[in-house]
Amino acid sequence: MTDRQNSTTPRKILVLGATSGIAEATCRIWAAQGASFFLVARNAEKLAAVAADLKTRGASFVDTAIADLDDTDKHPALLAHAINSLTGMDVAYLAHGILGDQTHAEQDFNTAAQIIHTNFMAPVSLVTWLANFCVQRRSGTIAVLSSVAGDRGRKSNYVYGSSKAGLSAFLDGLRNRVDREGVKVVTIKPGPVRTAMTAGMPKSEKFADVDAVAEAIVKAVAKGKDTVYVPFQWRGIMFVVRHIPERVFKKLNL
Amino acid sequence: MPAAPPATEQLNLRVSEGQTPSAPFESWGRYPTYGATVIPLHWQNDFSAIAPSLLNGALPVGMGRSYGDACLLKDGNLLVTTGMNRLITFDPETGLLTAEAGITLAQILDFAVPRGFFLPVSPGTKYVTLGGAIANDIHGKNHHMAGTFGCHVTQFELVRSDGTRKLCSPMENPDWYAATIGGLGLTGFISWATLRLKPIVSRLIDYEGIQFHGIDEFLALTDESKDVEYTVSWVDVTSTGKNFARGIFMQGDHSAKRDTLLPSPKPKLVFPFDAPGFALNRLSVSLFNAAFFHKQFSKHSVAVQDYEPFFYPLDKVLHWNRMYGKRGLLQFQYVIPWEHAKEGTVAILHEVAKSGLASFLAVLKAFGDVPSPGMMSFPKPGITLALDFPIKQDRTFPLVHRLADMVYEFGGRLYPAKDAAMTAMQYQAFYPQWQQFARYRDPLLTSSFWERVTGETSGI
């Protein structure tokens with residue numbers, strides 16, 4: 001409820017990768033609080049569906065742009081246009097990313113490079129621009145979806161994991177640089193969540209409900225937290241996973 | 001610059017990868033259980049995108065709250081729609097809500113109640129999808145006034161597996177509209193629908209509970225409460241003699257006193273394990289029924305309560321179906337037209353009491369005469385009774401078949417959404433229009449229920 005009271009003026013939120021399952025669930029909560037949105041995604045039909053949903057749920061303003069965020073050359077123009085349309089920006093929420101095909105990436109560098117480009121290089125380009133914009137204004141929150149998979153490489157998804165590890169480290173450093181300038185950098189590390197991205201994976205109890213994850217993200221962004229695990233139990237789990245000795249870890253099937 | 005992955009990759013289609021793991025899928029009754037390939041859909045166009053690659057037949061399913069095999073497809077593809085839960089438009093002047101078909105009634109209530117709107121018709125659980133509510137043309141406690149769910153669906157889009165799209169309403173493609181309402185998800189894929197919500201000023205229900213003894217008292221109460229919006233009765237199906245057909249008549253109206261519309265905290269009590277078989281015997285069921293009957297100490301009680309416990313008493317216990325153990329339960333719901341409603345109900349209640357297989361509580365209600373727009377809809381004017389039976393080897397099925405024959409003799413019919421047992425002959429006698437309906441079936445779509453009761457096979 002405090003979140004709601006804090007946002008008497010609807011916030012201006014830029015969402016990159018707005019059709020991702022986690023982004024969509026998060027935006028629904030912000031929409032119910034009356035936020036304004038600029039939504040970016042690759043697929044026009046999906047983006048239109050998300051925009052209509054947020055508008056119906058109470059968003060005070062929704063504008064969209066179709067863009068392939070892999071195309072880093074177009075980032076400056078896109079971001080400038082978005083902020084212009086929103087007439088400012090309180091929160092930039094980066095949620096685009098791909099799981100990719102690990103088995104394929106093990107055999108083929110181009111597949112691995114594509115995963116790393118989408119999950120690391122493209123966010124680095126976006127966040128660099130956004131951070132400089134925010135530093136100039138001395139305000140703003142940059143919230144980025146990373147993953148628990150970045151905390152330690154595992155044989156089942158180390159290509160995806162390493163792209164997220166790079167992203168998390170980049171955000172740590174950026175936070176260190178811009179915190180004193182009044183800019184917040186929030187690194188969000190979800191465990192497995194039931195979304196379209198994980199739809200083909202066998203489900204177990206460890207898959208979190210997307211709405212619960214979204215609520216935790218909204219809270220973390222409102223408080224300007226540094227790094228959050230969602231659900232929070234993953235902080236403890238990953239603490240243990242990070243501290244398993246390598247000579248044991250390399251024998252495990254994870 | 002790496003190219004964007006193809007659209008199908010984002011769907012993570014197990015079928016297209018040639019490694020179709022078959023997972024057991026349970027309906028709410030937990031009987032039968034069939035292996036099927038579960039494919040979650042997230043976007044309105046997913047169905048068109050994947051339909052050409054589905055060879056073994058497919059069935060759109062939502063929350064899987066149908067009791068029997070109407071939401072199952074043995075060795076086929078189950079297209080789970082719950083990821084398609086977006087709102088499309090809402091008009092606070094008219095109450096018209098357009099949403100994707102995978103949205104649940106719970107999600108609709110979360111959106112609508114704080115805005116002063118409510119479902120026009122609600123079943124006993126809010127964990128069903130909009131598409132499922134249309135496909136089964138569900139009914140609720142206000143059937144005598146409001147008719148079925150389909151009466152309030154103003155339009156929807158039907159996507160056929162050949163890629164054609166039909167806008168269906170009473171004006172546009174009216175035959176497809178009629179075939180799809182109550183059409184068990186077989187006429188095509190419902191991508192979105194428009195529902196007319198009704199205004200409320202409070203979350204509260206003015207409730208009244210009255211004990212009755214026997215069907216005559218039930219009928220008298222039904223007659224007296226014609227103008228009350230919601231009525232339903234819980235009847236004790238275990239008692240004989242002077243307690244035969246005793247029950248509690250429950251009625252309520254939305255409170256007219258302007259009050260809070262804000263949500264209350266969510267109760268989450270999960271039935272944690274499969275109850276052992278011995279937990280459910282004649283004695284425990286009788287004790288439960290007696291306790292329920294006497295829960296209401298006075299013959300007559302009045303209260304004001306939140307809509308949640310009034311409409312969804314069992315939703316408080318998620319997975320309450322586990323109470324019946326691993327073998328599951330058979331549901332049985334009939335409607336018998338007024339002409340034979342009383343004698344039929346008395347005869348069936350006697351048969352059930354005599355069998356000793358009776359269920360916890362049975363739900364008894366009078367259906368009204370608002371016609372349903374659906375060609376295959378279950379409700380019609382008369383008395384409806386819903387029962388559940390724990391599955392006991394050798395005894396439950398013969399009883400249920402016997403009861404189904406009695407229903408037929410009294411001119412009634414059974415509810416496919418709650419059935420796992422009726423024979424092909426019984427079904428075809430209950431729904432003689434089934435062959436006319438079959439012409440509207442999408443060649444890709446079928447269900448284990450449909451194959452069982454028609455002999456038609458799956459696939460294209």
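Colleague: Does B:Phe378 count as buried or exposed?

Modeller: Keep in mind that this is a predicted model. Burial is read from relative accessible area, and the cut-off for buried is under 20%. B:Phe378 has 1% relative accessibility, so it counts as buried.

Colleague: Where in chain B is B:Phe378 found?

Modeller: B:Phe378 sits in a loop, the one between strand S19 (362–367) and strand S20 (382–390) of chain B.

Colleague: Which residues does B:Phe378 touch, not counting those up to four places away in sequence?

Modeller: The contacts of B:Phe378 include B:His139, B:Gln333, B:Tyr334 and B:Val335. Also among them are B:Phe367, B:Thr384, B:Arg413, B:Leu414, B:Tyr415 and B:Tyr431. As for C-alpha atoms, those of B:Phe378 and B:Gly182 are separated by 7.6 Å, with the two residues 196 apart along the chain.

Colleague: Take another loop residue. Is B:Ser66 buried or exposed?

Modeller: The reasoning uses the cut-off again: B:Ser66 has 12% relative accessibility, and therefore counts as buried. B:Ser66 belongs to the loop that runs between strand S3 (58–61) and strand S4 (77–80) of chain B. Beyond its neighbours within four places in sequence, B:Ser66 contacts B:Ser27, B:Trp28, B:Gly29, B:Cys71, B:Asn136 and B:Ala417.

Colleague: What do the totals for chain B look like? How many helices and strands does it have?

Modeller: Chain B has 14 helices and 21 strands. Of its 460 residues, 60% count as buried. Chain B exposes about 18200 Å², and carbon and sulfur atoms supply 57% of that area. Contacts can also be sorted by sequence separation: in chain B, among those between residues at least 6 apart, 75% join residues at least 24 apart.

Colleague: Now helix packing. At what angle do H7(B) and H10(B) pack?

Modeller: One reads the angle together with the distance between the axes. Helix H7 (residues 215–224) and helix H10 (residues 338–355) of chain B pack at about 140 degrees, with their axes 11 Å apart. H7(B) and H10(B) are therefore oblique to each other, since only angles over 145 count as roughly antiparallel. Their crossing is right-handed. On the H7(B) side the contact has B:Ile215, B:Asp216 and B:Leu219, and on the H10(B) side B:Trp338, B:Lys342, B:Thr345, B:Val346 and B:Leu349. By class, that contact has five nonpolar, one polar and two charged residues.

Colleague: In chain A, how do the axes of H4(A) and H6(A) cross?

Modeller: Helix H4 (residues 75–86) and helix H6 (residues 109–137) of chain A cross at roughly 45 degrees, their axes coming within 10 Å. That angle makes H4(A) oblique to H6(A). H4(A) contributes A:His75, A:Pro76, A:Leu79, A:Ala80 and A:Ile83 to the contact, while the residues from H6(A) include A:Trp129 and A:Phe133. The contact of H4(A) with H6(A) divides into nine nonpolar, two polar and no charged residues.

Colleague: And which orientation do H6(A) and H7(A) have to each other?

Modeller: The axes of H6(A) and helix H7 (residues 158–178) of chain A come within 8 Å and cross at roughly 15 degrees. H6(A) and H7(A) are therefore roughly parallel to each other. The crossing of this pair is right-handed. Between H6(A) and H7(A), the contact has 16 nonpolar, six polar and one charged residues.

Notes
Residues numbered from 1 in each chain as written. Chains lettered and ligands numbered in written order. Predicted model: local features only at pLDDT ≥ 70, side-chain atom pairs only at ≥ 80, totals over all residues. Heavy atoms only, no water. Axes fitted to C-alpha atoms, helices over the stretch in contact; angles between N-to-C directions. Helix = DSSP H or I, 4+ residues; strand = E, 2+ residues; numbered from the N terminus. Parallel < 35°, antiparallel > 145°, perpendicular 65-115°, else oblique. Left-handed = near helix turned anticlockwise from the far one by under 90°. Contact = heavy atoms within 4.5 Å. Nonpolar A, V, L, I, M, F, W, Y, C, P; charged D, E, K, R; others polar. Buried < 20%, exposed > 50% of the residue type's maximum accessible area, 1.4 Å probe, protein only. Areas by Shrake-Rupley, 256 points an atom, 1.4 Å probe, with all protein chains shown as cover.
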